[in-house]
Amino acid sequence: MTGPQQGGWPPPNGPQPGEQQWAQGPGAGAPPAPGWGQTAPHPQQPQYPQQYPPQQYPTQQYPPQQYPPQQGYGGPPPNFGPPPGYGGEGGGEPPRKKKRWPLIAAIIAIVAVLGGGGYTAYALLGNSGGASSPTEVVTALAGDLEGKDYLRAASRIAPNETALLTDLGDVLTRELVRLEILKPDAAANQSLDTVTFTGLRFDEAAAESVRPNVTITKLVAGTITTNPQAGDLPFTDSFKQKLFPNGEPPAGTPETIDIAQVVQQEGEPIRIATVQVDGSWYVSGLYTAADYALKSENEPWPTTSVPAAGAPTAQDALKDVITAALDSDVQRVIALTDPEEMGALHDAGPALVAAAAGSQPSGAKLLDLQTTETDVRGHTGLSLASVSIQTPDGVRLDVKRDGDCLLMSSPQGGGQQRLCTADLAAAGLSEVGNSPALNDLAPRLVTALLNVKVLTTEVDGQWYVSPGQTVVQLYADVLGALQPGDIDALIAAGN
């Protein structure tokens with residue numbers, strides 16, 4: 001139940017039941033996806049008049065993508081968790097809503113792990129994971145999870161989400177094995193083996209069609225028991241010796257979530273989104289996250305979408321996104337995101353556009369942008385070659401990449417400033433402390449950040465920015481700058 005996709009939605013009060021395995025596993029601390037703002041109290045969601053004219057939607061088409069079967073450890077995705085619990089009004093005590101968000105976060109995390117091995121499932125099972133109705137697919141997924149048939153369960157996840165999460169799992173596995181953190185035979189389902197599902201049940205009559213291609217199913221009963229054991233994760237013995245006293249991970253405490261009890265306390269079932277893709281229904285973590293984000297703001301699902309509108313080249317797509325962001329043109333930003341990867345963002349987009357109404361442009365202008373193109377997993381990665389901007393007060397600033405340095409100048413005067421990785425690394429070390437190991441590591445990390453790539457995708461002859469794939473590549477570039485010996489320095493710096 002998974003992730004553009006894009007402040008974050010961490011659950012309140014630290015690690016929650018159903019999430020602890022991530023806190024102990026590799027990839028913890030993934031950067032959060034952009035959120036939807038603070039939550040508001042809403043005892044019952046009111047009926048809103050339609051704000052947008054009704055429209056018939058064609059089924060979204062996701063062209064088949066050729067991915068080799070993945071066996072890697074899925075790792076956590078960018079944080080797709082829901083927003084914090086609702087706050088009270090007038091300084092009063094907030095309602096007691098403590099159990100639902102951990103459960104929702106756990107469900108989305110489960111979808112993420114399954115999606116990490118999703119294309120293995122598609123390679124072996126074809127498109128048989130989809131179902132003819134929303135209830136059928138969530139019921140089938142529940143049965144797969146209860147029977148620990150993770151290969152079949154992975155095939156129930158929306159294809160665009162499995163594509164993204166498979167790439168993330170592959171990147172994390174490859175790099176963490178190279179860094180001697182994970183064993184070479186690390187497998188995606190090892191993190192799910194600590195979770196037991198029993199009696200999951202959905203209320204078919206309560207299923208809510210919020211769009212022609214999106215239905216919210218209602219989970220009303222069952223239990224999810226987590227028994228997080230770091231020793232069960234595929235860490236190498238050498239890494240365990242570095243990380244844990246005596247090389248033995250601490251034992252976890254089993255936690256059980258009784259879904260019926262949560263539903264009774266909250267007065268409503270757990271919402272899990274399904275999406276129709278090419279005629280079949282799949283479970284979607286991104287649409288689930290979007291649904292809870294809209295609900296937290298007391299907003300109905302829009303009846304229209306932000307239509308995809310790309311650019312003629314990859315570089316033009318990046319230029320247009322930057323220009324639209326500087327102009328506070330939220331609709332144009334969404335229109336330029338990959339419509340296959342970010343279908344949930346396009347469908348929920350009109351609500352974001354309405355929320356941003358009245359936002360003022362920054363006053364800054366992008367005058368020129370030149371990039372270096374690289375092929376990355378079938379996408380076009382763009383890294384900075386040079387950029388010229390005009391600040392809100394009319395000053396032009398030119399920045400040019402020169403090896404491991406940035407050359408900054410302004411035609412209005414002030415000369416040229418040369419800022420290199422060593423300078424940036426020294427500034428960072430002044431904040432975190434100094435050691436011979438960190439002195440060697442910091443410049444490589446800064447270089448990796450200077451080499452950051454924005455990934456773009458061609459869809460139907462137009463180019464779009466891919467937020468999810470960009471995050472995956474950031475992991476690849478930053479982890480790729482590390483060497484196995486650097487782990488000792490990082491562990492020591494954290495103590």
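This is a predicted model: local features need pLDDT of at least 70, side-chain atom pairs count only at pLDDT 80 or more; totals for chains, interfaces and linings use all residues.
**Salt bridges in close-up**

**View 1. A pair within helix 6, R174 and D170.** The side chains of R174 and D170 meet in a salt bridge, with a distance of 3.4 Å from N to O. Both residues belong to helix 6 (residues 159–178), where they are four residues apart and therefore separated by about one helical turn. R174 is partly exposed at a relative accessible area of 41%, and D170 is likewise partly exposed, at 27%.

**View 2. The network that includes D170 and R174.** Salt bridges with shared partners join D170, R174, E175 and R178 into one network.

**View 3. A buried pair, K295 and E268.** K295 forms a salt bridge with E268, in which the closest N and O atoms are 3.1 Å apart. Because K295 lies in helix 9 (residues 285–296), whereas E268 lies in the loop between helix 8 (259–266) and strand 5 (270–277), the pair ties together parts that are 27 residues apart in sequence. K295 has a relative accessible area of 7% and E268 one of 18%, and each value falls under the 20% that marks a residue as buried.

**View 4. A link between helix 11 and helix 10, R332 and D320.** R332 and D320 form a salt bridge whose closest N and O atoms are 3.3 Å apart. The pair links distant parts of the chain, with R332 in helix 11 (residues 330–335) and D320 in helix 10 (residues 314–326), 12 residues apart. R332 counts as partly exposed at 22% relative accessibility, and D320, with a relative accessible area of 28%, is partly exposed as well.

Terms used:
Residues are numbered from 1 along each chain as its sequence is written. Side-chain values use heavy atoms; hydrogens and water are left out. A salt bridge is a side-chain nitrogen of Lys or Arg within 4 Å of a carboxyl oxygen of Asp or Glu. Helices (H or I, at least four residues) and strands (E, at least two) are DSSP runs, numbered from the N terminus. Buried means under 20% relative accessible area, exposed over 50%, partly exposed in between (1.4 Å probe, protein chains only).
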